[in-house]
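Subject: Structure handover

Dear colleague,

I am passing on the structure below, together with some notes on what was found in it. Please keep it open while you read.

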Amino acid sequence: MTPKHSVSVAGIVVRDDGRILVIKRRDNHQWQAPGGVLELEEGFEAGVRREVLEETGVTVSVEHLTGVYKNMVQGVVALVYRCRPVAGSPVATAEATEVKWMTKDEVCAAMRPAFAVRVLDAFDHGVHSRAHDGTVLMVDTDLGPCLPQ
């Protein structure tokens, strides 16, 4: 049987003050950037806008791709985009028990390294490509001041 991958998208939504919009997922109780599985009929940016709105109540403008991440255990490939908020206020939703604006330091303290790095990568120039096991990155790279080397 041929292995299959799932494609997901996520938005790193950054306010003018540098705070990042994050959710506490209802299904696994983990802090992450809003995102989810890309629908078959939608484009990447449309999927990001839909997922962020569904999970946070915030409408965003998609700025640019910041990274491609693969969960090697689950076969999920995630395309992550930096976004900016344009309307709405964060609210808990059917998919998120909590939605709030965090600093980069708060993200580092609250998220698993494999997901915190997505946020940090959105503040760098360029597009990153990383693999992880759902918790830990599977390569040795400079991950910034808050993540273990």
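Leu 120 counts as buried because its relative accessibility is 15%, where buried means under 20% relative accessible area, exposed over 50% and partly exposed in between, with a 1.4 Å probe and protein chains only. Leu 120 sits in helix H3, residues 113-121 (helices, H or I with at least four residues, and strands, E with at least two, are DSSP runs numbered from the N terminus). Its C-alpha atom is separated by 26 Å from that of Glu 39, which is 81 residues apart from Leu 120 along the chain.

Please bear in mind that this is a predicted model, in which local features need pLDDT of at least 70 and side-chain atom pairs count only at pLDDT 80 or more, while totals for chains, interfaces and linings use all residues. Residues are numbered from 1 along each chain as its sequence is written, and side-chain values use heavy atoms, with hydrogens and water left out.

Turning to the cysteines, the count of disulfides (pairs of cysteine sulfur atoms within 2.5 Å) comes to zero. Cys 83 is in no disulfide, and the nearest cysteine sulfur, that of Cys 108, is 19 Å away. Cys 83 also counts as buried, at 1% relative accessibility.

A colleague
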